[in-house]
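Here is a friendly briefing to read beside the model. Please have the sequence and the 3D view open as you go.

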Amino acid sequence: MSPNYIRSFSEGCLRPPTVIGQFHTLFFGSIRMFFLGVLGFAVYGNEALHFSCDPDKREVNLFCYNQFRPITPQVFWALQLVIVLVPGAFFHLYAACKSIKQEDILQKSSYTGFYIFSVFLRIVLEVVAFWLQIQLFGFKVNAVYMCDVGALDKKFNITRCMVPEHFEKTIFLIAMYTFTVITVILCVAEIFEISCRRLGILKTQ
């Protein structure tokens, strides 16, 4: 791929053809990633080390932590961010290969339809991630987790485990839900903006 294609691809990703799309890129690329990368590590970075059960034995702690966290929140949210970027990245890669200028995307119906489809697919992926987050993490992190340790051949089947910084994790969960909702709203608003531009209600950039 030539440097021109790479330049066109990067410009397309950083400067979408709509005003709301550009704001979404700013919101997605800076605030959301900063929140996850910096604050997420501060809240969840040492969770496994401070997760303790009764009895406080390494094998019990590891077994119960894996049961408590089938996938760590940082990994889940990082995968969510990457997967949600894929539809837009494919579109801008296509536009770069076809030498489509950003200002021409909203002028031709086929380009506009392809772009709207990528935004709609982004909405679908965000909604699926929202549902998966509910299934995996819920809306609240309790201070105590009741772990089923029957598979360890212990004399007891249920043990109590203490979840560190549960209140901070609850706040972080709510924040990530909020980011997902805001992203979906921005995507819907972007489709609305495109429709208004195509109908002539708004002037095309």
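## Briefing: helices, salt bridges and a surface patch

Helix α5 (residues 73-97) and helix α6 have axes that come within 9 Å and cross at roughly 170°. That crossing makes α5 roughly antiparallel to α6, a label for angles over 145 degrees, while under 35 counts as roughly parallel, 65 to 115 as roughly perpendicular and the rest as oblique. Please keep in mind that this is a predicted model, in which local features need pLDDT of at least 70 and side-chain atom pairs count only at pLDDT 80 or more, while totals for chains, interfaces and linings use all residues. Residues are numbered from 1 along each chain as its sequence is written, and side-chain values use heavy atoms, with hydrogens and water left out.

**Overall layout**

- The chain has seven helices and three strands; both are DSSP runs numbered from the N terminus, with helices being H or I of at least four residues and strands E of at least two.
- Along the sequence, these elements follow the pattern α-α-α-β-α-α-α-β-β-α.
- Of the 205 residues of the chain, 38% count as buried, where buried means under 20% relative accessible area, exposed over 50% and partly exposed in between (1.4 Å probe, protein chains only).

**The α5 and α6 pair**

- The axes behind the crossing of α5 and α6 are lines fitted to C-alpha atoms, for helices over the stretch in contact, and angles run from 0 to 180 degrees between N-to-C directions.
- The contact of α5 with α6 involves 17 nonpolar, five polar and two charged residues; here Ala, Val, Leu, Ile, Met, Phe, Trp, Tyr, Cys and Pro count as nonpolar, Asp, Glu, Lys and Arg as charged, and the others, Gly among them, as polar.
- A95 lies in helix α5 and counts as buried, at 2% relative accessibility.
- The C-alpha atoms of A95 and I105 are 8.6 Å apart in space, with the two residues 10 apart in sequence.

**A nonpolar surface patch**

- Which residues form the nonpolar patch on the surface? They are Y94, F114, F117, F120, L121, V124, V128, W131, L132 and L136, with about 860 Å² of accessible area together.
- Patches are made of residues with over 30% relative accessible area and no salt bridge, with like charges joined within 9 Å and nonpolar side chains (Val, Leu, Ile, Met, Phe, Trp, Tyr) within 5 Å. The areas come from the Shrake-Rupley method with a 1.4 Å probe, and for residues only the protein chains shown count as cover.
- Helix α6 (residues 109-137) gives the most to this patch, with nine residues.
- L136, in helix α6, is partly exposed, with a relative accessible area of 34%.

**Salt bridges**

- Side chains of opposite charge can pair when their charged atoms come close. A salt bridge here is a side-chain nitrogen of Lys or Arg within 4 Å of a carboxyl oxygen of Asp or Glu, and the count comes to five salt bridges.
- E126 and R32 meet through their side chains in a salt bridge (2.9 Å, N to O). E126 lies in helix α6 and R32 in helix α2 (residues 19-44), so this pair ties together parts that are 94 residues apart in sequence. Both E126 and R32 are buried.
- E47 and K169 form a salt bridge whose closest N and O atoms are 3.9 Å apart. Because E47 lies in helix α3 (residues 47-50) and K169 in helix α7 (residues 166-199), the pair ties together parts that are 122 residues apart in sequence.
- E165 counts as partly exposed, at 43% relative accessibility.
- Through shared partners, salt bridges join E47, R69, E165 and K169 into one network.

**Loops and other details**

- E165 sits in the loop between β3 (158-162) and α7.
- Most residues other than glycine have a negative phi. E165 has a positive phi of about 50° although it is not a glycine.
- G45 is found in the loop between α2 and α3 and counts as partly exposed, at 33% relative accessibility.
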